Amino acid sequence: MAGSKEIRTKIKSVENTKKITKAMEMVAASKMRKAQDRMAAARPYAEKIRNVAAHLSYAQSESKHPFLVSRNKVKNVGLIVVTSDKGLCGGLNTNVLRTSLNQIKSWEKEGKKVQIAAIGTKGFSFMNRVGADVKSNITGLGDTPHLNDLIGSIKVMLDSYINGEIDQLYICFTKFINTMKQEPIMDQVLPLNGEKIGAPEGPWDYIYEPNADAVIEDLLKRYIESIIYHAVAENMASEQSARMVAMKAASDNAVNVIDELTLVYNKARQAAITKEISEIVGGAAAVS
């Protein structure tokens, strides 16, 4: 059995750890509320531009944009992986990276080559470790992501699609369900499917100024940017929720460990007192 001094040191260490995890839990709870507000604020724009994109996919324009045309044979696939920059958020990153890796292996078995765009330090590091073909990455987004920070990484994949280097584009991120539940989602970004994004009610078309090609290209790029921004916002809300839950579990475990160590300490202390009493009684008996 460890000595009383060693046990007291362990108890003090666990108490200090508990203070840190409790503080991190409170910080994550505050950031989670802000992330949820940011995610909710982005939804009206995302829904509106989704409706516009749905109308464009069914519109009878003179030419079809490459983003709206499905290719007959898919040889190359692009994947945007959204993870966090920091850890201590439970299995959040592990789940999304496992989903991504399983899908990559499935594509490779079908003979398809995969190009990766990594958003977040964890995903970028993991994809480099497994030897994936990382075409672009962005890290250090902080707690408040801005679309301007994402555009560079997004543009690389969009240009690859337009140039024929990839035939499909997917995004994998963690969807926020509620505080206790977050799910990894694999969603197709390109080509845009009218049935997937929703069909307008009845016939629909636009009058384009100055010309259809320029307007459609700009709108579709804005739509794709909104998809990816919303995925990043969802992932950040999920990250803070997962971190809050993980830190709460760590704090609760620290309380249990302290209780167990206190019990061991009391037993060790009682054993030492009993030993001293026995020595005194034995000494007194020997003298008498």
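Predicted model: local features only at pLDDT ≥ 70, side-chain atom pairs only at ≥ 80, totals over all residues.
Strand β4 itself spans residues 168-178, and it is mostly covered, since eight of its eleven residues are buried. It also pairs with strand β5, residues 181-190, but here the sense is antiparallel and the pairing extends over nine bridges. One of the places where this can be followed is C172, whose bridge partner in β5 is M186. The passage from β4 to β5 is made by a hairpin, which joins them through two residues.

Elsewhere in the chain, two serines may be looked at in turn. S136 sits in strand β3, which comprises residues 133-138. Because its relative accessible area is 7%, S136 counts as buried, the cut-off for that word being under 20%. Its side chain makes a polar contact, at 3.2 Å, with the side chain of S153. When residues up to four places away in sequence are set aside, S136 touches I116, A117, A118, S153, V156 and M157.

The other serine, S160, belongs to helix α4, which runs over residues 147-162. With a relative accessibility of 5%, S160 is likewise buried. Apart from neighbours within four places in sequence, S160 is in contact with Q115, E165 and I166.

Technical notes. Residues numbered from 1 in each chain as written. Heavy atoms only, no water. Helix = DSSP H or I, 4+ residues; strand = E, 2+ residues; numbered from the N terminus. Buried < 20%, exposed > 50% of the residue type's maximum accessible area, 1.4 Å probe, protein only. Polar contact = N/O pair within 3.5 Å; in protein donor to acceptor, adjacent residues only side chain to side chain. Contact = heavy atoms within 4.5 Å. Pairing = 2+ DSSP bridges.
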